[in-house]
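Q: I have a structure open and would like to go through it step by step. Could you help me read it?

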Amino acid sequence: MKYSIFSLARNAVSYHENWSAAWRSPDPKPAYDVVIIGGGGHGLATAYYLAKEHGLNNVAVVEKGWLGGGNTGRNTTIVRSNYLLEANAHFYEHSLKLWEGLSQDLNFNVMFSQRGVLNLAHTPAELDAFSRRGNAMRLNGIDAELLLRDQVRRMVPLLDCSPAARYPILGGLLQPRGGNARHDAVAWGLARAADARGVDIIQNCEVTSIRVRAGRVEGVETTRGYIAAKKVGIAVAGHSSHVAAMAGLRLPIESHVLQALVSEPVKPILDTVVSSGAVHFYVSQSDKGELVMGGDIDGYNSYAQRGNFPIIEHVVGALVALFPCFSRLRMMRCWGGVMDMTLDGSPIIGKTPIGGLYFDGGWCYGGFKATPGSGWVFAHTIAQDRPHRLNEAFTLDRFAAGRTIDDKGMGPYAWAH
Amino acid sequence: MLLIICPWCGPRDQTEFTYGGDANVKRPANPDTLTDEAWANYVFIRENPRGAHAELWHHHASCRRWFKVRRNTMTHEILATAKLDEELPAGT
Ligand SMILES: Cc1cc2nc3c(=O)[nH]c(=O)nc-3n(C[C@H](O)[C@H](O)[C@H](O)COP(=O)(O)OP(=O)(O)OC[C@H]3O[C@@H](n4cnc5c(N)ncnc54)[C@H](O)[C@@H]3O)c2cc1C
Ligand SMILES: [Zn+2]
């Protein structure tokens with residue numbers, strides 16, 4: 001059923017009790033052309049574009065829990081494309097362009113709100129680095145504006161821009177087209193649109209091993225039985241090492257925990273996304289009114305989906321230092337997700353040494369914004385058995401070939417990216 | 001909060017420590033003759049288990065020494081610690 005003002009009115013007459021399910025929940029078939037492991041945003045977007053752009057609809061998405069119960073449903077939804085290096089810039093900008101049309105394309109409101117993403121600069125060196133990055137972005141056709149202190153103060157009057165502030169603000173780099181989207185809606189909208197094109201979405205079905213014979217993938221063993229597949233795509237984010245190991249692959253990835261927290265809801269007060277790399281902090285306001293905030297990963301390997309208090313204390317301290325007016329807000333919830341941190345801070349999207357097996361992961365703490373772009377290029381890679389122009393650089397073998405993509409120049413330390 | 005047991009100072013709050021990652025990474029003895037593949041393995045490939053993980057920590061706020069910890073990555077439980085030249089006791 002197409003969602004529209006008419007379907008809304010029609011269903012209002014029956015007290016909204018007769019809406020049909022947004023997607024089917026079929027049993028797995030014995031075989032598919034393509035099986036995607038992982039029903040997060042990336043797996044669902046891949047299946048959607050396989051069906052829509054490449055005419056492949058004998059496709060299953062196999063998810064061990066519920067749709068979007070991984071990082072998709074845990075993330076703080078910042079969408080931006082403000083990268084320095086070319087490979088990242090073009091890939092994330094393509095993704096941002098897909099975001100701009102996603103609600104229309106899916107016939108599902110993903111509530112994409114281009115409220116701007118503002119990075120604060122606290123030192124002259126940081127301001128210089130921002131002007132370099134901003135110029136690189138503009139040369140790549142991406143919107144960027146360098147702001148000085150007074151412009152930042154006018155844009156976000158709640159920020160403490162006084163020279164005596166705990167973290168003095170000298171300026172910032174603004175990407176006006178950046179913003180937020182609604183995380184659950186992204187999973188649901190993609191699932192509904194993929195399902196409508198014939199994709200089977202199979203929840204509560206964990207892949208326990210990958211069958212490989214003579215260097216080619218044959219299918220996956222799951223908690224709901226064996227499923228044969230001509231091609232298999234892995235899109236399991238924090239569990240990348242674990243699932244890739246089922247096919248004998250070792251990855252340059254560590255899994256770390258990233259936390260976020262929300263305050264009690266308040267009336268609209270903050271209309272943009274503010275972040276500070278130096279202070280390790282970011283905040284935005286959700287449509288429900290909560291302030292959504294976070295900072296760094298906890299910094300040690302973890303699959304626990306929960307973190308520890310020092311990060312929470314740091315994040316709240318940074319909030320209050322930057323925005324003194326929030327000092328009496330109460331925090332309501334905190335949670336964590338498992339981040340697939342690559343050792344150069346950039347994702348891996350492409351073929352593997354095993355025929356018919358493809359890998360998409362290493363999203364670090366920033367893969368939500370990549371959701372449509374990742375699905376787009378991963379679907380292309382799987383359907384054509386070769387990378388799309390936009391993911392050619394993100395190969396697994398770049399590490400041995402000396403072509404790492406280290407946007408921040410941090411070196412091979414997962415917890416530093 | 002992690003309570004990490006430094007082999008020299010005893011149990012201390014996690015905020016006194018810095019993480020150092022996989023404890024089993026060894027610098028190859030023959031870098032001149034190493035293949036690119038083997039070199040990349042050393043620089044970029046890490047153990048990333050669900051469960052017991054052998055890792056390095058640095059006690060930056062006190063004795064400033066590196067040491068080994070076996071920690072469960074599913075529960076964060078500290079299973080064992082040891083000095084760098086000692087064997088880490090097994091644990092799951
Ligand atoms: C607190 C937090 C804040 C974040 N903030 C941002 C942000 O502001 N902006 C941004 O761009 N990114 C952000 N991220 C990162 C972003 O959420 C992830 O990079 C992205 O969602 C990962 O891709 P995914 O959607 O496919 O992952 P997931 O949603 O995690 O999907 C992977 C799925 O695979 C399933 N799976 C795993 N193993 C198996 C198996 N064996 N068999 C079957 N299924 C399996 C999992 O259950 C899971 O549902 C944040 C993450 C967290 C935790
Ligand atoms: Zn000590």
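Q: Let us start with E12 and E15 of chain A. In which sense do these strands pair, and over how many bridges?
A: Strand E12 (residues 253–263) and strand E15 (residues 291–301) of chain A are antiparallel partners, joined over 5 bridges. Please keep in mind that this is a predicted model.

Q: What holds paired strands together in general?
A: Strands of a sheet pair through backbone hydrogen bonds, in either a parallel or an antiparallel way.

Q: Which residue of E15(A) stands opposite A:Leu258?
A: The residue opposite A:Leu258 is A:Ile297.

Q: And what is the strand order of the open sheet in chain A?
A: The order is E5-E6-E4-E13-E14-E15-E12-E16 (chain A), which gives 8 strands with mixed pairing. At the edges are strand E5 (145–148) and strand E16 (331–342) of chain A, each of which pairs on one side only. From one strand to the next, the twist averages 25°.

Q: Which strands does helix H8 of chain A lie across?
A: Helix H8 (residues 309–322) lies across strand E4 (117–121), E12, strand E14 (281–285), E15 and E16 of chain A. Relative to E15(A), helix H8 runs at about 140°.

Q: New topic: the zinc ion (ligand 2). Which residues coordinate it?
A: The zinc ion (ligand 2) is coordinated by B:Cys6 (SG), B:Cys9 (SG), B:His59 (ND1) and B:Cys63 (SG), at 2.0 to 2.3 Å. The spacing of these donor residues in sequence is C-x2-C-x49-H-x3-C.

Q: Why is the arrangement around the zinc ion (ligand 2) called tetrahedral?
A: The 4 donor atoms subtend angles of 105 to 118° around the zinc ion (ligand 2), and the arrangement is therefore tetrahedral. For comparison, the ideal angle for four tetrahedral donors is 109.5 degrees.

Q: Is B:Cys6 buried or exposed?
A: B:Cys6 is buried, because its relative accessible area is 2%, under the 20% limit for that class. B:Cys9 counts as partly exposed, at 25% relative accessibility.

Q: Now the charged residues. How many salt bridges does the structure hold?
A: There are 25 salt bridges over all chains. In one of them, the side chains of A:Arg177 and A:Asp143 meet at 2.8 Å, N to O. A:Arg177 lies in the loop between strand E6 (171–175) and strand E7 (179–180) of chain A, and A:Asp143 in the loop between helix H4 (124–139) and E5 of chain A, so this pair ties together parts that are 34 residues apart in sequence.

Q: Are A:Arg177 and A:Asp143 buried or exposed?
A: Both A:Arg177 and A:Asp143 are buried.

Q: What about A:Lys351: with which residue does it form a salt bridge?
A: The partner of A:Lys351 is A:Asp385, with the closest N and O atoms 3.5 Å apart. A:Lys351 is in strand E17 (residues 348–351) of chain A, whereas A:Asp385 is in the loop between helix H9 (371–384) and helix H10 (398–401) of chain A, 34 residues apart. A:Lys351 is partly exposed, with a relative accessible area of 41%, and A:Asp385 is partly exposed as well, at 34%.

Q: Which residues are joined into one network by salt bridges that share partners?
A: The network consists of A:Glu93, A:Lys97, A:Glu100, A:Asp143 and A:Arg177.

Notes: Residues are numbered from 1 along each chain as its sequence is written. Chains are lettered from A and ligands numbered from 1 in the order in which they are written. This is a predicted model: local features need pLDDT of at least 70, side-chain atom pairs count only at pLDDT 80 or more; totals for chains, interfaces and linings use all residues. Side-chain values use heavy atoms; hydrogens and water are left out. Two strands pair if DSSP finds at least two bridges between them. Helices (H or I, at least four residues) and strands (E, at least two) are DSSP runs, numbered from the N terminus. Axes are lines fitted to C-alpha atoms, for helices over the stretch in contact, and angles run from 0 to 180 degrees between N-to-C directions. Contact means heavy atoms within 4.5 Å. Donors are N, O and S atoms within 2.8 Å of the metal (3.2 Å for Na, K and Ca); water is not among the atoms, so sites may look incomplete. Four donors count as tetrahedral if all angles lie between 85 and 135 degrees; four count as square planar and six as octahedral if opposite donors are over 155 degrees apart and all others between 65 and 115; anything else is irregular. Buried means under 20% relative accessible area, exposed over 50%, partly exposed in between (1.4 Å probe, protein chains only). A salt bridge is a side-chain nitrogen of Lys or Arg within 4 Å of a carboxyl oxygen of Asp or Glu.
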